[in-house]
Amino acid sequence: MKTTNRTLNLEPRTLNLEQKTSPLRSRGLRSRFNVQSSRFKVFVIGSVCSSLLALASLAAEPLRALLVTGGCCHDYAAQKKILTEGISARANVTWTILHEGDGSDKDVKFSIYEKRDWTKGFDVVVHNECSGQLTNVAWVEHIAKGHFEGVPAVVIHCSIHSYRYSSTDEWRKLLGVSSFRHQAFRPFEVINLQPKHPVMLGFPAKWQDDPDELYEIKVVWPGCTPLAESLTPGKETDKHPCIWVNTYGKARVFGTTLGHSNQTMRREIYLDLVARGLLWACDKLGEDGKPKVGYGTK
């Protein structure tokens, strides 16, 4: 933080003491001196307050984020780098990365979920995983339970299709939406539904230049607020939420179906969006769409 230094002349001009000074002139001199002193005090107080704000910003502990990633059908080796570095360039976040199960495996059981308190020690969990054919009810409900008591979640792209064939709805309630299929990989239009929501400030009214997979949303669960929707090309009345916020138990959740390709994930608009979503989920995003004090990067 830059502090502007000003030199103030606090000494009155030299007087000829042998010359008689009128009371009026003397009072005017003291008045000018008092004004200068007051200005100096205001300057000092302002500088101290600015310094204290800077110290408060620096003193905030980084958010401890866990990224669970891997599984079928995506370049998770690249995406884990894109997401973690991109978000940390925008928010005060440190990362633990669990990357497992790449390849054709569609029923990955990520090892961290074997722990009883698997979310313990983390302020937020980012799910960018693809395990679409794992159906074990107890396993899926255990994952969801890790968030129910209040650990925030960010759910990205194929995490919305993970565990989708399980008979329990708990994962879908955590997500905020239910989806079972996606359309062909192609460009489509994304419409900003809530431009004044803090998460959507800075997001364009219409977006999406890159091909992606349009996830068809069959259920929007209570507590979920759609922030943007995708339009099916050639059939614009077929609309599906693609960005949203949700509550699940005590947890705040940010979700998006966008992000199949590395090309989309690298976009500044996309990384800005996900960073704001993560901060919102952690209650560290201001109403102006900017990080709260201590949770930005400057």
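Colleague: What is the pairing when the bonded cysteines of the protein are numbered in sequence order?

Modeller: A disulfide is counted as a pair of cysteine sulfur atoms within 2.5 Å. A search of the whole structure turns up two of them. Numbered in sequence order, the bonded cysteines pair as 1-2, 3-4.

Colleague: What kind of model is this?

Modeller: Residues are numbered from 1 along each chain as its sequence is written, and side-chain values use heavy atoms, with hydrogens and water left out. Local features need pLDDT of at least 70, side-chain atom pairs count only at pLDDT 80 or more, and totals for chains, interfaces and linings use all residues; this is a predicted model.

Colleague: Which cysteine does a disulfide join to C72?

Modeller: A disulfide is a covalent bond between the sulfur atoms of two cysteines. The S to S distance in this pair is 1.8 Å. The partner of C72 is C73.

Colleague: Is C73 buried or partly exposed?

Modeller: Buried means under 20% relative accessible area, exposed means over 50%, and partly exposed lies in between (1.4 Å probe, protein chains only). C72 has 4%, so C72 is buried. C73 has 48% relative accessibility, so C73 counts as partly exposed.

Colleague: How many residues apart are C130 and C158?

Modeller: A disulfide joins C130 to C158, with S to S at 2.2 Å. This pair links distant parts of the chain: C130 is in strand 3 (residues 124-130), and C158 is in the loop between strand 4 and helix 4 (170-175). Strands (E, at least two residues) and helices (H or I, at least four) are DSSP runs, numbered from the N terminus.

Colleague: Why does A153 count as buried?

Modeller: A153 sits in strand 4 (residues 153-156). Its C-alpha atom is 7.3 Å from that of A251, which is 98 residues away along the chain. Contact means heavy atoms within 4.5 Å; beyond four places in sequence, the contacts of A153 include V124, H147 and F254. A153 counts as buried because its relative accessibility is 0%.

Colleague: How far apart are the end C-alpha atoms of helix 6?

Modeller: Helix 6 (residues 268-281) has 14 residues. The expected span is 1.5 Å times one less than the number of residues, so helix 6 should span 20 Å. The model agrees, because the end C-alpha atoms are apart by 20 Å.

Colleague: How many residues of helix 6 are buried?

Modeller: Helix 6 is mostly covered. Y270, L278 and W280 are among its buried residues.

Colleague: What share of the protein's 298 residues counts as buried?

Modeller: The protein has six helices and eleven strands. Among contacts with a separation of 6 or more, 73% come from residues 24 or more positions apart. Of the 298 residues, the share that counts as buried is 47%.
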